[in-house]
Amino acid sequence: MKLTEAQLAQFQKDGFIILRDFADPAQCEAILDVAKAHLKHRIEPIETEIGYDVKSKEYRTDVADYTSRALGEKGTVRRLRQVYQRDILFKEWMENEKIRPALQQILDDQVVITMAHHNSIMTKMPHRSTQTRWHQDRRYWRYSDNNLVSIWLALDTEYNENGVLEFIPGSHRMKFEADQFDDKEYFREDLEKNIPLIETKVCTTLKKGDVIIFHSMLLHRANKNATDTPKISFVYTVKGERTKVIEGTRSSEFPEIPLPFIKE
C-alpha cells in the first residue's frame, strides 16, 4: 500500500501518520494470544518496569537484563524483547509486504529491520505500569543518520487512560539544546522554554488493527495504565539500507534483516 502524496507530506511535516484498520483483526487476535502466553510464562528475554528505569544516556543492557532476572516474579513486565525470533506470527507481521511500499516511500530506500531496537511486544499492566516520559527513540541508538521509523500496531483499543502514545508534531525536525533534556535524555517538563512546545501535543484513540508509523526523532510519551485491563501493543523499527549502524555499539549487537524491495 503506497501513501498518497498528501499522506507522505503529512508524515514529513508531523513526523507520524496513522493508518486506520490496517491489520486484519484476526491477525491481531492471533498475535495477542501468543503474546499473552509469553507474558503469562515470563518467557525471556523480557524487560521489567525497573529494568527500563535503569536506562541512561548509554543504555546498559547488562544492568537491565540482570535487574530483570534478579526481580523474577516480582518485576512488572514492560515488554517482551526480541520478538522476531519468538514466533512465526511475529516474524510475519514484521515482514508484512502490505506496509512495505509506504515504508519505502518514507525512508526513500530499501527497508531493513533493526533487530536491536524495539522488536518488542510492549505492555502497560493495569495500575502497575509507569508513565513513559517525553523522549526521542534515537537518544541511545547509534547510526550514521536519523533515517529510522517505528511501526506501532494496536492489538486492542488504546486511549488516554490506558497509555496511548502522545506526540509533539514536527519535533523530529527541530533542533534542541542539551539543557532541554535531563541526564537520561528525557525532554524536561519542568523547563519553561519546553512548556509551549509540550502544549502542542496530540493524541488519539487507536482501535485494533490501527498502525502508527513515527520518526525516530519525534518526541513522544504515554500515560501509565489506570484501567483494569492490560494494554498490549507490537512495535518494531526499520531503517534505510544506506543508514549504517555504528560498530561496537548496542545498535550493532543484533543482525539486521534486509527486506526485498517491492515495486508498485
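The analysis was carried out on a predicted model.

Helix 1 spans residues 5-14, and its buried positions are Leu8, Phe11 and Asp14. These three lie on the same side of helix 1, because they cover an arc of only 145° around the axis. Glu5, Ala6 and Lys13 are exposed, and they are found on the other side of helix 1. The residue that follows helix 1 is Gly15, which has a positive phi, near 90°.

The volume of the largest cavity is about 340 Å³. Its lining comprises 26 residues, and those closest to the centre are Arg78, His118, Met122, Thr132 and His135. Several strands contribute at least two residues each to this lining, namely strand 3 (77-80), strand 5 (120-124), strand 6 (132-135), strand 11 (220-222) and strand 12 (231-240). Sorted by class, the lining of the largest cavity contains nine charged, nine nonpolar and eight polar residues.

Methods: Residues are numbered from 1 along each chain as its sequence is written. This is a predicted model: local features need pLDDT of at least 70, side-chain atom pairs count only at pLDDT 80 or more; totals for chains, interfaces and linings use all residues. Side-chain values use heavy atoms; hydrogens and water are left out. On a 1 Å grid over the protein atoms alone, a cavity is a set of points where a 1.4 Å probe fits but cannot get out, and a pocket is an open set with protein on both sides within 12 Å along at least five of seven lines; lining residues have an atom within 4 Å of a point. Grid points are joined across faces, edges and corners, and a volume is the space filled by probe spheres set on the points. Helices (H or I, at least four residues) and strands (E, at least two) are DSSP runs, numbered from the N terminus. Ala, Val, Leu, Ile, Met, Phe, Trp, Tyr, Cys and Pro count as nonpolar, Asp, Glu, Lys and Arg as charged, and the others, Gly among them, as polar. Buried means under 20% relative accessible area, exposed over 50%, partly exposed in between (1.4 Å probe, protein chains only). The arc is that of the directions from the helix axis to the C-beta atoms.
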